[in-house]
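Here is a short briefing to keep beside you while you turn the structure around on your screen.

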Amino acid sequence: MISFEMSSHQQQVKDVVHWFAENEMRPISMEADKMGRVPDDWLEKINQLGIQLSTSSFDGGEQKSEKKEKKRKSERQGNRLAVIASEELGWGDPAIALTLPGPGLGGPPVQSSGTPEQKERFLSIFSKDEPPRWGAYALTEPDAGSDVSGIRTTAKKVEGGYVLNGQKIFITNGARASWVVVFATVDRSLGRAGHRAFVVEKGTPGFRCTRLARKMGIRASETAELLFEDCFVPEENLLGGEAYYESRGSGPSGFQVAMKTFDNTRPIVASMAIGIARAAYEYTLDWVRREYPRHGRFYHRASEVLANAELDIEAARLLTWEAAWKADIGQPNAKEAAMCKAYSGKIALDVCAKCLELLGPAGLENHILEKLYRDAKIFDIFEGTNQIQHLVTARQLYEPHGVRV
Ligand SMILES: Cc1cc2nc3c(=O)[nH]c(=O)nc-3n(C[C@H](O)[C@H](O)[C@H](O)COP(=O)(O)OP(=O)(O)OC[C@H]3O[C@@H](n4cnc5c(N)ncnc54)[C@H](O)[C@@H]3O)c2cc1C
């Protein structure tokens, strides 16, 4: 039986997050974009309200309790609630959404691959009773973005831990994070099988931020370059512990930690893109209704643009909800996660461009549409570019039949 209706709990989450987006995010959105940062006092206030960016926060802190871990798969709805909330946050302001305190992209690998002690140690620090804190996820390097198997950051085994050397670029919240999940290789000749994930804590000697990027869009979101120079990381910070990797023999386990993260986070990123598209669409629909008497000759063009936008947004949302639902019930969702990410990133750009076109010069200066257009672009790039999502989808079509692409 298929239902397209939200449960009352899901609707409640949507309403609360929408209220937050409209009343807390939108009022600071344009200024934060201009300043290139989210004000600290705003972040502190939001943290005290207990608002964080993490999938688990929507499922009652599922990672913290063994009892809840065993909750029947059919009852889990953390991913569905996360995509519902994420769309509203994207509607409010995607850069501010990415800056909300919490483990962020670093959360899913710790939840999926961390030992019980690591989950407790690294995830329990995010509390409204503590100052705002962030986690981050560092995979991308100057020579390894789409092709993550090519990472060059090394992890050399030494007494009591590992020594990391290398550089990571474009890391969201990388400078402000209390800890960063860092992917490194213990042996490049092993390819993906040599990958390991480490939790590197802020203040660890040999670990520093070297630069913050200035970007076209999501300017208020921090994007950091990180450097690791003879950085000693204790073995307790190897995600999953030694046993996790040994149990997988020579399989590509560290690589799997990275990829598994994407299956959870791509639908969340996709829904943020849908929120951007919806923001542009709603603004323009309102504008056309208001301005139509003065701009009557554009009516047919406007109707075409708005009807297409409605269709694109609805289609993207259904794809995304399916990917999140599959993640909740524990079914493989790599194909759906890739498809919804590819489609939502594309339609966000299309819808913003078309809406901007309708408004003409009126939407170009210090205007929400101009900002949405700039913000939309990154959703076609991070968490895997559009082309890479197509590649992931194609692999799912061919590989079960023994064909490698
Ligand atoms: C604002 C921002 C925030 C980010 N946050 C994070 C973060 O928190 N953590 C993190 O680890 N990374 C992060 N990233 C990095 C992001 O995920 C990468 O930029 C992205 O995966 C693309 O990698 P690349 O930059 O190396 O581009 P490249 O891989 O060099 O791609 C360049 C172009 O080539 C195309 N291409 C590459 N390979 C193929 C192929 N096999 N087939 C077809 N086309 C191909 C790509 O689609 C793209 O169009 C962030 C990036 C940005 C800009």
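Strand 3 and strand 7 (residues 223–234) run antiparallel and are joined by 9 bridges. Please keep in mind that this is a predicted model. Strand 3 is a handy place to start, as this strand, residues 161–172, also supplies at least two residues of the shell around the ligand.

**How the strands pair**

- Strand 3 has another antiparallel partner in strand 2 (residues 154–158), with 5 bridges between the two.
- Here you can pick out Lys156, which stands opposite Val163 of strand 3.

**The turn between strand 2 and strand 3**

- Strand 2 and strand 3 form a hairpin with 2 residues between the strands.
- In this hairpin, Gly160 takes a positive phi near 80°.

**Where the ligand sits**

- The ligand is found in the largest pocket.
- Around the ligand there are 21 residues, and those that come nearest are Thr140, Ser146, Phe170, Thr385 and Gln387.
- Sorted by class, this shell holds 12 nonpolar residues, 7 polar ones and 2 charged ones.
- Besides strand 3, both strand 1 (135–138) and helix 13 (386–398) each supply at least two residues of the shell.

- Thr140 places a polar side-chain atom 2.7 Å from a nitrogen atom of the ligand.
- Phe170 takes part through its backbone: one of its polar backbone atoms is 2.8 Å from a nitrogen atom of the ligand.
- Thr172 has a polar side-chain atom that lies 2.9 Å from a ligand nitrogen atom.
- How much of the ligand does the protein cover? On its own the ligand has 970 Å² of accessible area, and the protein covers 66% of that area.

Conventions
Residues are numbered from 1 along each chain as its sequence is written. This is a predicted model: local features need pLDDT of at least 70, side-chain atom pairs count only at pLDDT 80 or more; totals for chains, interfaces and linings use all residues. Side-chain values use heavy atoms; hydrogens and water are left out. A residue is near a molecule or strand if one of its heavy atoms lies within 4 Å of it. A polar contact is a pair of N or O atoms within 3.5 Å; within protein, one must be able to donate a hydrogen and the other to accept it, and residues adjacent in sequence count only if both atoms are side-chain atoms. Accessible areas come from the Shrake-Rupley method with a 1.4 Å probe; for residues, only the protein chains shown count as cover. On a 1 Å grid over the protein atoms alone, a cavity is a set of points where a 1.4 Å probe fits but cannot get out, and a pocket is an open set with protein on both sides within 12 Å along at least five of seven lines; lining residues have an atom within 4 Å of a point. A molecule sits in a cavity or pocket if more than half of its atoms lie within 2 Å of its grid points. Helices (H or I, at least four residues) and strands (E, at least two) are DSSP runs, numbered from the N terminus. Ala, Val, Leu, Ile, Met, Phe, Trp, Tyr, Cys and Pro count as nonpolar, Asp, Glu, Lys and Arg as charged, and the others, Gly among them, as polar. Two strands pair if DSSP finds at least two bridges between them.
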